Amino acid sequence: MITIPHKAKQFIVFLIKVLIVTAAFYFIYDQLANNDKLDWEKFTSLVKEKANVWGILFLLAFSIANRFLEILKWQNLVSFIKPISLGESTKQVLGALTAGIFTPNGLGEYAGKALYFDKKKTKKIIFLNLICNGAQMILTVIFGTIGLFIIGYWKWALVIIALSCFLLLASFLSKQIKIKGYSIEKLLHKINEIPKRIHTKNNLLALCRYLVFSHQYYFLFLAFDVDLPYLTMMATIAAVYFLASSLPSFQFLDFAVKGSMAVFFFGKLGVNEWIVIFISTLMWFLNVVLPVVIGSYYVLKFKPKWE
């Protein structure tokens with residue numbers, strides 16, 4: 001086996017970290033600079049007209065709360081393996097977010113978090129991250145389906161419910177079937193190994209996080225003078241998030257996917273397309289770009305276990 005000198009390893013790690021951060025910032029810049037649907041002059045004039053210090057701080061508070069709840073979720077789940085501080089959880093969540101920005105559906109986050117732990121714990125960390133994201137996804141499906149019913153797309157909702165029932169039934173009937181040594185029964189057993197108090201706290205934090213980012217979306221529409229009933233607005237937002245989350249995508253394209261879905265649904269309600277696009281872009285900037293900027297610091301400061 002070829003042994004790589006320690007200095008060479010340090011240089012390779014440094015190069016990888018720089019490439020990750022550079023790629024993250026390039027993808028962000030490319031999406032903002034080359035999006036032909038964004039009329040920056042119109043956007044700038046409207047922001048100058050509407051923006052005020054308290055309004056900006058109000059919206060930023062939602063972004064901070066959104067990521068803080070995610071950090072608390074991860075700290076809670078990792079306590080099953082070992083307790084970590086809030087600062088350590090922050091480092092892992094934001095660092096992994098940066099590493100996963102240009103991977104499909106944020107898959108890089110799984111590997112990013114695993115790098116902060118010993119190799120023998122990799123499978124457990126990936127599994128905990130799956131539980132973390134799974135709770136959020138289940139809430140997105142539930143609220144999204146309810147939202148589709150409320151705004152009149154009940155046929156879509158019925159199809160989703162029927163498909164969910166089919167998958168649940170198939171899972172129950174195939175509990176003993178193994179795929180590469182894994183089965184539904186074994187997965188359920190692994191989930192049940194985690195204490196109920198951790199699951200309960202994870203679900204509660206996931207619900208709070210869902211309410212935070214969906215209401216941030218709602219208040220942005222209010223800031224742009226979109227006058228729709230609260231229930232209609234929240235139901236449409238829930239439908240947009242659900243259907244957009246169901247599509248394979250990259251974090252750096254998140255606003256484009258959600259934006260296209262939002263244009264379809266809000267367009268039916270008479271909302272101007274460019275307003276929907278700007279709001280989707282702002283949501284992406286506030287909840288992905290800003291955390292990635294902070295996460296880049298943690299990526300550059302990251303030290304592998306062998307150092």
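Reader: Does L269 count as buried, partly exposed or exposed?
Author: The model is a predicted one. Residue L269 is found in the loop between α11 (254-268) and α12. Buried means under 20% relative accessible area and exposed means over 50%. Because the relative accessibility of L269 is 32%, the residue counts as partly exposed.

Reader: Which residues does L269 touch, not counting residues up to four places away in sequence?
Author: The C-alpha atoms of L269 and M233 are separated by 9.5 Å, although these two residues are 36 residues apart along the chain. Leaving out residues up to four places away in sequence, L269 touches L228, T232 and T236.

Reader: How are helix α4 and helix α12 oriented to each other, roughly parallel or roughly perpendicular?
Author: The axes of helix α4 (residues 86-99) and helix α12 (residues 273-301) come within 7 Å and cross at roughly 110 degrees. Angles of 65 to 115 degrees form one class, so α4 is to α12 roughly perpendicular.

Reader: Which residues of α4 make the contact with α12?
Author: On the side of α12, the contact is made by V288, P291, V292, I294, G295, S296, Y298 and V299. On the side of α4, it is made by T90, K91, L94, G95, L97 and T98.

Reader: How far apart are the end C-alpha atoms of residues 274-300?
Author: An unreviewed UniProt entry lists several stretches as "transmembrane region", including residues 126-150 and 274-300. Over residues 126-150 the chain is 100% helix, and the end C-alpha atoms are 36 Å apart. Residues 274-300 are likewise 100% helix and 0% strand, with the end C-alpha atoms at a separation of 37 Å.

Reader: Why is the pair of F58 and F62 given its class, and what is that class?
Author: The structure holds 16 aromatic pairs. In the pair of F58 and F62, the ring centres are 5.0 Å apart and the planes stand at 80 degrees. An angle over 60 degrees sets the class, so the pair is edge-to-face.

Reader: Of F58 and F62, which is buried?
Author: Both residues lie in helix α3 (residues 53-78), 4 residues apart, about one turn of the helix. At 40% relative accessibility, F58 counts as partly exposed.

Technical notes
Residues numbered from 1 in each chain as written. Predicted model: local features only at pLDDT ≥ 70, side-chain atom pairs only at ≥ 80, totals over all residues. Heavy atoms only, no water. Phe/Tyr/Trp six-rings, centres within 6.5 Å; stacked < 30°, edge-to-face > 60°. Helix = DSSP H or I, 4+ residues; strand = E, 2+ residues; numbered from the N terminus. Buried < 20%, exposed > 50% of the residue type's maximum accessible area, 1.4 Å probe, protein only. UniProt positions renumbered as here; feature names shortened; annotations may be inferred. Axes fitted to C-alpha atoms, helices over the stretch in contact; angles between N-to-C directions. Parallel < 35°, antiparallel > 145°, perpendicular 65-115°, else oblique. Contact = heavy atoms within 4.5 Å.
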